[in-house]
Amino acid sequence: MNSGFCKKVFTGVLGFGIIVSGTGFNKAEASDPEKSEYSLEQATDLYSKKLNENSDSDDLVAVLKSVEESNQVESLSNNDKLDLLNTIVESVPEEVAQQYQNEKLNEISEALSDESNVNSEGPVTIELSDGSSVDLSSTDEVDYSNSSSIQARGITSTQMGLFWHGPKDYGSRLYTAWVKLKSLGVTVATLKLGNHYSVGDYGLKMRYCSVAGTKGTVYSSVDASCDVTDSKAEKVNYDMNAVGNYKLTGAVTNGYVSLTSSLKLTKLNKTSKYALVYSQYTYRD
């Protein structure tokens with residue numbers, strides 16, 4: 001995969017390259033028709049004709065990128081946008097579509113190995129070579145999951161980047177890793193990994209994990225499960241872990257993804273009854 005394909009939206013610095021071959025596709029051909037009104041039928045007719053049985057994954061990426069940049073397509077409804085994307089991907093041979101999917105997941109993994117992404121203190125948006133994007137964030141809050149109180153129902157929390165590091169009072173907490181996969185501004189899939197843990201004199205304990213809030217669309221379904229792989233962090237510099245596994249099925253997003261969480265105890269103050277916890281997660285295909 002061409003590593004130059006990945007561009008981080010929040011810096012706006014890296015370049016973007018597309019290799020085109022096979023169909024003779026070019027930007028002039030992909031320019032939008034000058035019409036006052038735009039329909040799904042028009043968009044489908046324009047973009048699906050750019051691809052055929054001789055197209056390769058680079059051709060597909062180029063067409064999808066041009067769709068993402070289209071002002072006319074932007075005016076379509078979310079359902080029409082997803083329908084258009086689905087039709088475009090189905091316009092190429094199945095093996096080409098699969099190659100595209102594999103390259104896309106590899107691209108996300110490479111982006112998440114970038115130190116500036118992993119160490120970002122705020123939510124991160126990564127733009128991919130096909131114009132789609134990935135939103136990464138997390139939350140850490142008091143866990144009211146077993147409460148029916150008004151406070152629990154009205155809870156709000158601040159979204160951060162891939163990690164948190166700060167003091168946590170004794171009691172039940174919930175650290176949630178978030179990943180949103182977007183195409184044409186529409187959320188195609190939301191992946192969540194919830195870590196329900198407790199803080200006390202014992203250090204940290206993982207009570208259970210959850211994939212609640214994970215969802216897809218009619219064009220990209222998600223099957224999810226999770227396991228706690230290490231449930232205790234009793235001493236400073238020990239960590240505990242959970243793994244979420246997600247099977248995505250759809251033309252635009254397809255494949256297997258894992259989220260791995262790590263909650264590390266960096267300080268335990270039994271007198272003031274709080275702990276310093278470093279929480280982070282990683283993504284892999």
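Let's start at K205. Its charged end sits over the ring of Y202, 4.4 Å from the centre. By "over a ring" I mean NZ of Lys or CZ of Arg within 6 Å of the ring centre and within 35 degrees of the ring normal. K192 lies over the face of W178 as well, at 3.6 Å from the ring centre.

A word on the source. This is a predicted model, where local features need pLDDT of at least 70, side-chain atom pairs need 80 or more, and totals for chains, interfaces and linings use all residues. Numbering runs from 1 along each chain as its sequence is written, and side-chain values use heavy atoms, without hydrogens or water.

Now the salt bridges. Side chains of opposite charge can pair when their charged atoms come close. The structure holds eight such bridges, each a side-chain nitrogen of Lys or Arg within 4 Å of a carboxyl oxygen of Asp or Glu.

Take K65. E127 bridges to K65, with the closest N and O atoms 2.7 Å apart. E127 lies in strand β2 (residues 124-127) and K65 in helix α3 (residues 57-68), so this pair ties together parts 62 residues apart in sequence. K65 also pairs with E69, at 3.9 Å between the closest N and O atoms. K65 is buried, at 8% relative accessible area. Buried means under 20%, exposed over 50%, partly exposed in between, with a 1.4 Å probe and protein chains only. E127 is buried too, at 16%.

Next, R207 and D143. Their closest N and O atoms are 2.6 Å apart. R207 is partly exposed, at 32%. D143 is buried, at 10%.

Technical notes. Helices (H or I, at least four residues) and strands (E, at least two) are DSSP runs, numbered from the N terminus.
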